[in-house]
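The following paragraphs go through one structure, from a pocket to the cores and then to a set of strands. Please keep the sequence and the 3D view at hand while reading.

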Amino acid sequence: MKQPLRYAFLFLLIPFLFWGQIRKGDAFRNTIDSLNRVAFDAPGPVAKMADSMLVIARKKKRPIDVGLLLLVRGITETCRGNNDQALKFHMKAYHLFDSLKSNEGKIISLGNLATVELNMENYTKALQYLNTSLKLTNPADYNNLKDIYVNLGVANDHSGNYKAAIEYYKKAIPHLIKSGNYNSLAINYHNMSSAYSELKDLKRAEYYSLKALDYQKKSGSKRTLAIVTLALSDIYTDLNRLNESKKYLDICGKTARDLKTPYYIQAYYIEYYEWLKKRGDFELATVYSDSLMVITNTINSEDKLQATAELEAKFENDLKSKEIELLKVQKKLQDTEMKRNEAWRYILALITVLCLVLIFILYRNYKLKQKANQLLSQEKDALAQQNLQLENENILVQFETLKNQVSPHFLFNSLNALASLITTDQQKALAFTNLFSKIFRNTLELKDRHLITLSEELQHVNAYLQLQKMRFHDNLIIDIQIDSKVMAYFLPPFSLQMVIENAVKHNVISSEAPLFISISNTEDFLRITNNLQQRNYVEDSTKTGLKNIISRYKYITALRPVFEIRNDQFVVELPIIKEERE
């Protein structure tokens, strides 16, 4: 994978820099929240304002706000490149939250510490902080868990542990789905795709990039669209599927220009240069390479100046309004602090008494119900577990039985064909035997898999057809017209082969009546047709072929195979499985 795509992994580090339930509060805390949001755009002014608010928070004895302001200061130092100072602020915040026994604050602090360590490429330390925060997090707290798992994936990814990174990205998915954040899901799937690209598993990289694109469409994020389409173009370039690569490259280029972001425009130009080289247009690639630096420097200069001016103007307006708001908050706090403290003492005393009474009642009821229901619950759980185990074992036995029919079915049909050749042509029988042994070895290797790709099935079928060509020569005619896009889809092993075996077994094949077999595809099915010229008697038929196919599909998909006669043609339609079942 090319270097520009690596930066996309940092997108999901940002959620740790926001806090959840801990930030809810009055206007003072809302001001802290506002500072957190603009810290990335203007770290210098935010740092000054945060220092002023720290003085007020300490004077007013608001320790939670002190911790949150320390986190803001850490973020400003990170944005200014002062990683050592950032670590000090985040560590102070962590110890403060620890003294207050605030798990939420400790989790946020650990996440920010991990972010700084990642910036410093201290991946081992980052992983240590993230694993500690994971231990502190409630298993039901999906909001923090999604951030922790994603960042564990990022840390492992950047340290080269791509398989571990993929596992953490997968763990984050259910929590991201609960959060309803489609853009975060898109970025997470993109991260998985990038990790698979590093492992040179381009099929899975393509699959997860397309998943990322699906969720990007739901989120509407143009930045994510630029990242994902750039990655897809890179994957298809490596796969030498240049038309598809150009399609996504064009989308990326248009999106980058719409965003007016120097990084994406530069990355687009670099990828376009690589695409030209892959296509073999070296002359244009050379010209493009010479001008690329000038183009990107010009784009960077213009965009940075414009972006800086806009951010400065926006922040000045925000800062003035926040300063006015802060003065009002300070005045209001001073006027109402004494009254509020007195009211809270009475309220807290009343709440405490009510809570103690309620806890006593609830605890008493809980104990009574627990004793009454414990035995019944245990019996129900044991029975449910036993039923589930028996059901799973029954399904597994049935499916394994069906799979074990495949090899004997192929062996039986092939030995019948060999017996026929021995009596007519011993030289062909010998060649048939050698080729048959290789194919049967392949059959034994593949039969234990639940699904194989259509490409693998066709390789096996082509070898099987060589055997039949030795028997029937030009009297057996095969026409295969299958779209390349479905070659990576799946079907049960040997299902296509068994359909062709049945066609050969049950029809007359001669120079006067050749057998035509056509293989093509629709959106959801693989279609096999042959002209109907049935034999009057089929010797040694086991009657298991088509029944076996129907039974195996029953355990894999809701779609069912079709076997019927249409216009003097025997037509078979096998469902294509678009996603592999584990």
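The second largest pocket holds about 1,300 Å³ of space. A pocket here is an open set of points, on a 1 Å grid over the protein atoms alone, where a 1.4 Å probe fits, with protein on both sides within 12 Å along at least five of seven lines; lining residues have an atom within 4 Å of a point. Its volume is the space filled by probe spheres set on the points, which are joined across faces, edges and corners. Of the 34 residues in the lining, Lys-203, Tyr-207, Ala-488, Phe-490 and Lys-578 are the closest to the centre. Helix 10 gives the most to this lining, with 8 residues, and helix 12 (242–259) and helix 16 (454–472) each supply at least two. Helices (H or I, at least four residues) and strands (E, at least two) are DSSP runs, numbered from the N terminus.

This is a predicted model, in which local features need pLDDT of at least 70 and side-chain atom pairs count only at pLDDT 80 or more, while totals for chains, interfaces and linings use all residues. Residues are numbered from 1 along each chain as its sequence is written, and side-chain values use heavy atoms, with hydrogens and water left out.

Buried means under 20% relative accessible area, exposed over 50%, and partly exposed in between (1.4 Å probe, protein chains only). The largest core has 45 residues, and Leu-185 is one of those with the most contacts inside it. Leaving aside residues up to four places away in sequence, Leu-185 touches Ile-173, Leu-176, Ile-177 and Tyr-215; contact means heavy atoms within 4.5 Å. A second, separate core of 31 residues includes Phe-472, Ile-549, Ile-556 and Val-572.

Now to the strands. Strand 7 (residues 569–575) is largely enclosed by the rest of the structure because 5 of its 7 residues are buried. It pairs in the antiparallel sense with strand 5 (residues 525–531) over 7 bridges, and with strand 6 (residues 562–566) over 5 bridges. Two strands pair if DSSP finds at least two bridges between them. Val-571 in strand 7 is the bridge partner of Thr-529 and of Glu-564. Strand 6 and strand 7 form a hairpin with 2 residues between them, and Asn-567 in the turn has a positive phi of about 50°.

Terms used
A nonpolar core is a set of buried Ala, Val, Leu, Ile, Met, Phe, Trp, Tyr and Cys residues joined through side-chain atoms within 4.5 Å.
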